[in-house]
Amino acid sequence: MIYETDDLPIVACSTGLNENTAIGVIRLSGFSDIGSIGPFFKKDLSNLEIRKATFTKLYDQDGNFLDEVVITYFEGPHSYNGENILEIAAHGNTLNLKRIMNAFINSGMFRLAKNGEFTYRALKNKKLSLAQVEGLDALLNASSSLMLDEGLKLLNGSLYQKYTDLYDKFLKLKAAVEINIDFAEDVGEEQSQKLLDDAVADISGHITSLHRSASVNAKSLMSPDIVLCGEPNAGKSSLFNLFLNESRSIVSDIAGTTRDYISEYISLGNETFKLVDTAGLRNTTDIIEEEGIKRSRNLIENAFYKILLVNINEVEKYQYHDIKETLFDALIFTHFDEFSGDINLNELQQNLPKAIKYYSADTSKGEGSLVEISGPIGPDSESGSIEPQESKLGPMGASLENGPIEPQIKTGPIEPDQLHITDLITQDILGKYLKLRNSDPISIERHRVVINDIYGKFTDFANNIKYLDDIAIISSEVSILEKKTAELIGIISPDDTLTHIFTNFCIGK
């Protein structure tokens, strides 16, 4: 087990001890009688009103005054974890909170709670299911609004209801099987078979919907990264600074200036993303730079939104083929202000990775506008043409006709009627994020694994049930599915799952 339960009362600070706050909440749990804590307040607490805030003074075991506090008593089993709980709202200086906690610990009546122990006791006392505990974990440790919402849905919301509905449907299926075994003659063979078929059909739609949500690649949504990559001097750091609207990343003509990745959190719309400027991709003998490039490749692989910047003057020299098979969300051609010559579109795809969208831009001077290049690029394109979206952005960049590219207008300062380079990319990032969010993804890995397992087993069961003559075998298969669904909710669970979850919790939760 995760804890050697000694049933001793526990104490912890629920609001954290990392910084001073106006109010800090200390939680006591597991004591048998509220009256036993009375000496800490120099008053009889046996008549303390339940769930009502009471102002009082707090003292240590030797009678020394500690603080003026507000206490609230939650009597078990009608409390968060099913035990008697006293919450003490004190002044939030961390030194003050630690002194109060030590007063209870030094008395010998309480010990310091372990990480997640309050919630572990709630699970143990059946106040929360395992799925609800995981929802609370997601809520408390969310690094994106997706995880925040999923935590709320799991704690007592729509997702948890879907899980319990699935469990109820398996119980109905089990009942339908039992009717076929014991009461087929009473109910009638036709009616008992209909009950079984209806139960199977009812589950099928429900588990298919959950399987669809569990199959969405939600890993990158939990902590969405926007990764800028490309060869040295492609304009990554300039674009990074544009997004931040400050000179956070060093911009230099010297290749290899960025030797490791640099990241900052940015807000786009109502969402938070991590923007990452990676080391320039190139072949190098520098050990430190090579390590930075390896890290860049890992970041690219796991990124939510991938942007590749390519110097338009060096397309034919593009050498970093480790990411040739990577599909990028956006490929931006830079340094058009320095460009002269022709480019054969059919050769671009042979030298560069593929992308969902292509743009032309000038980021070399830390400013610029962006033109989306419409139509496919490469041998499969019908005309091999690139056309700027001037209706949206105004005239800028290269005016391109079919065949070789001949830039007609050099990029320069941003005009008022032109869309800024970061605006168009931001629209695309938010569009992708919202599309994936609307697919209602399930991101907690244990749930994804169990749901996929249930889906696979149920699909086999539904396909084979018509060929099974032995109702006892059907009953056995249904029992297996019922147990897997119970595991999803958390009615039954292995100890290693508990260990993984509770180590993420703060001490006061």
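Which residue has its backbone nitrogen 3.0 Å from a polar atom of the side chain of Asn81? Good morning. The residue is Glu83, and its backbone nitrogen makes this approach to Asn81; a polar contact here is a pair of N or O atoms within 3.5 Å, where, within protein, one must be able to donate a hydrogen and the other to accept it, and residues adjacent in sequence count only if both atoms are side-chain atoms.

Before I continue, please note that this is a predicted model, in which local features need pLDDT of at least 70 and side-chain atom pairs count only at pLDDT 80 or more, while totals for chains, interfaces and linings use all residues. Residues are numbered from 1 along each chain as its sequence is written, and side-chain values use heavy atoms, with hydrogens and water left out.

Asn81 sits in the loop between strand 4 (65-74) and strand 5 (85-91); strands (E, at least two residues) and helices (H or I, at least four) are DSSP runs, numbered from the N terminus. Asn81 is buried, with a relative accessible area of 0%; buried means under 20% relative accessible area, with a 1.4 Å probe and protein chains only. Leaving aside neighbours within four places in sequence, Asn81 is in contact (heavy atoms within 4.5 Å) with residues including Ser29, Phe118 and Arg121.

Let us turn to the strands. Strand 5 pairs with strand 2 (residues 23-29) in the antiparallel sense over 7 bridges; two strands pair if DSSP finds at least two bridges between them. Val25 has Ala89 of strand 5 as its bridge partner. Strand 4 also runs antiparallel to strand 5, joined by 5 bridges, and Ile71 is bridged to Ile88 of strand 5.

Next comes helix 1 (residues 94-106). At its start, a side-chain oxygen of Asn93 reaches to within 2.8 Å of the backbone nitrogen of Leu95. Among the buried residues of this helix are Leu97, Ile100 and Phe104, and the cover over its buried residues includes strand 2, strand 4 and strand 5. Just after helix 1, Gly108 takes a positive phi of about 85 degrees.

Finally, the largest nonpolar core has 33 residues, of which Tyr163, Phe170, Leu173, Ile451, Phe458 and Phe461 touch the most other members. Such a core is a set of buried Ala, Val, Leu, Ile, Met, Phe, Trp, Tyr and Cys residues joined through side-chain atoms within 4.5 Å. Helix 5 (158-182) gives this core its largest share, 9 residues. Not counting residues up to four places away in sequence, Leu173 touches several residues, including Leu196, Phe461 and Val478. Thank you.

Conventions. Buried < 20%, exposed > 50% of the residue type's maximum accessible area, 1.4 Å probe, protein only.
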